[in-house]
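Thanks for coming, everyone. Today I'll talk about aromatic rings and what surrounds them.

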Amino acid sequence: MNKNKWLITLLALTLPLTIHAEEAKNEPVVEEETFVVPEPASLSLKPENKFRETGRVVSFLLMQSHYEHPDFDDELSQEAFNQFLKALDPNRSYFYQKDIAQLDDYEKLFDDALRTGRIELAYDFFALFEERFRERHLFALEQLEKPLDFNSDGEFEYDRREAEWPIDEKEMNAIWKKRVLNDALNLKLAEQTDEQIKDKLTKRYQSAIRRLSQTKSEDVFGYFMNSISAAIDPHTSYYTPRQFENFAINMSLKLQGIGAVLTQEDMFTKIVSIVNKGPADKSGQVHPNDKIIGVGQGEKGEMVDVIGWRNDDVVDLIRGEAGTIVRLQIIPYTKAGDGMPKTVELVREEIKLEDQAAKSKVLEVEQYDKNFKMGVIELPSFYSETVASNGSGDDVTSTTKDVARLIKEFNKQDIDGLVIDLRNNGGGSLSEVVNLVGLFIDKGPVVQGRDSRGRLRVLKDTDSDILYKGPLAVLVNGGSASASEIFAGAIQDYGRGIVLGENTFGKGTVQSVADLNQYIRNPENQVGALKLTVEKFYRVTGESTQNKGVKPDIEFPTIFDVNEYGESSYDNALVWDTIKSTNFKKTGGVTDVIPFLRSKHEERKTSSQEFSFLQEDIGRVAEQRDTKVVSLNYEKRLAERKRNDEIRLERENLRRKIEGLEPLKELASDEDSTEDDNAESASDIVDEDQKDLFLKEAGNILSDLIMIREKPEIAANFLAEEKSSNN
């Protein structure tokens, strides 16, 4: 077999696969008469022979093809052991010190287990975790039988990642008493009664036990395999068969099914949302919050009762080839409660997941007594159907194809400038990012790659055509990674446009996906895939983006700490380095005027109320960053929430005053929330208005650039003044 056949080159911000069995936050709403504690999954779980063989194949591929050519030795085994612990119990709330001492016997055996196929240790490890997990949630259920005391002077340590493992049951019980009280307090702050709180938490803890009891052999093998891969680097990971299927769907943005997003809620599969113009939507009989209790194949196939099933197993029954029939038995949701069950017949279709596809809009900018019309293309990922499924034909999904179509539409609208919004774009297809850069530059190198043997390659745009030649800005943030960083770096290095926003994530590695089914003796066995790091990429200047990311030409204030969220925060991340620069020709026209653009941005930022709000938020987060506890006193928490609400109301009314609107007396109340509010996270503080603020400022900076091109004497005078003041 040609080993290169399994290589599917892609770039993506695939965060380390942390798999742990914490309870979900979806709140059950369906009454249950009694809760019968299910049998532990570990009683029946055992390694399957196909996974023993898979482990041996994976160890071979990692040693031969991974960028680092890792040694399977005691050092790697110890790190894998630590990663396994992190995956199962990241907050140190289940295992005791004595458990860790007992598990230490496995510390140097992970590498041997993988190579020999003797993977029983992973199942023993999981069995102990499941035992502790059940103990804790049964204990939590017992606490709900007691009165809730919201007048406590105590504090709950919600971040125990660096804490000591609990010594004994007494210490563990103390931790969990506070945890249950904190869960209850979060619901009380959402204006739930004590009865409602106990009912919701009872179902939450019961559901957690039930879901863990549904763990399968492939899940445990996945935990084990990903502890090995995380010990090598954060972007190497194992996909179970189901995860591999979902990977292909995400890359192609297509699936065959009914067009509904599902979740698990207590014993039921619930519909979260409906895909526009999909079979479910067109039927008019399926709606969000409906519960699916049965699935039948074809017009007369047996209706399978799916109450209590895992969500992904229900999804497997509903998905199928386009043109085939699936019947759903549904309990409709109504405001008055659950309706009478009904059966709905749907014909499956190919569904396009357009939420992740490129989108466009026009941004109006008023500056210099002019109205500028800026095109905005929001790109959530670099997707390509050919990467995932070797698609062909005019209907193949492609980032470059979609963006080119949107640019042609903008050209007809005679836009003044273009913003490519790559915020939170985690990457994707390598070939797509090379092709996309080619829409904006003459032919030339886009990115360099170096493999594990030190061999270099240069990926080039070979097409001299430029689809868009006008003013260009690229908007990035800390979630822009990998392929996004290649695009932003190339645009910056060529001087083709200006890069704005936050420092990017810092993922400078290339992964390939090996379909492991090709290596297994029995082709009927489905064993998943291995995504492994095979290459590091470098900008045309020779600089790596690994760990350091791309620094914007003009930086916006950021609430995020790169040491907490970037690539450099991950265990076992590869190091930053450089190689030789390629021969490339800068287009010019932008680099020289960046000091002027930066100066105009600073002027606006200084006088902007919105930027002032952001600076205040950054200061608040900086103060809270090292805090790992939260009060368990209702009055204190309520007072804190009221202070935050007052700040939000004051800000909203300042905005409304600027816009000439009447002030609000109070903010609209949030829906019945059950999310934890243990700490005010950065994502909570940065609201959508600030996201729009950055886009608006990108439009302002782009209009500055346009004016400089129309009146170059503006920049010339500024640069002359700068030079004079420096002298």
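First, the term: rings of Phe, Tyr and Trp (its six-membered ring) pair if their centres lie within 6.5 Å; planes under 30 degrees apart count as stacked, over 60 as edge-to-face, and the rest as tilted. A search of the whole structure gives 25 aromatic pairs. One of them is Phe51 with Phe221, and it is stacked: 4.7 Å centre to centre, with 20° between the planes. That pair links distant parts of the chain, 170 residues apart: Phe51 is in helix α1 (residues 49-65) and Phe221 in helix α8 (residues 217-230).

Some housekeeping. This is a predicted model, where local features need pLDDT of at least 70 and side-chain atom pairs count only at pLDDT 80 or more, while totals for chains, interfaces and linings use all residues. Residues are numbered from 1 along each chain as its sequence is written, and side-chain values use heavy atoms, leaving out hydrogens and water. Helices (H or I, at least four residues) and strands (E, at least two) are DSSP runs, numbered from the N terminus.

Phe51 is buried, at 0%. Phe221 is buried too, also at 0%.

Now a second pair. The ring centres of Phe556 and Phe611 are 6.5 Å apart and the planes are at 70°, so this pair is edge-to-face. Phe556 sits in the loop between β24 (554-555) and α16 (562-565), and Phe611 in helix α18 (residues 609-624), so the pair ties together parts 55 residues apart in sequence. Both Phe556 and Phe611 are buried.

Tyr123 lies in helix α5 (residues 120-143). At 6% relative accessibility, Tyr123 is buried. Beyond its neighbours within four places in sequence, Tyr123 contacts (heavy atoms within 4.5 Å) several residues, including Leu45, Pro47, Val220 and Phe221. The C-alpha atoms of Tyr123 and Val220 are 6.6 Å apart, across 97 residues of chain.

Last, the core. A nonpolar core is a set of buried Ala, Val, Leu, Ile, Met, Phe, Trp, Tyr and Cys residues joined through side-chain atoms within 4.5 Å. The largest has 77 residues, and Phe95, Phe110, Phe125 and Phe224 touch the most other members. Helix α5 gives the most to this core, 11 residues. Apart from it lies another core, of 41 residues, among them Leu422 and Val433.

Technical notes: Buried < 20%, exposed > 50% of the residue type's maximum accessible area, 1.4 Å probe, protein only.
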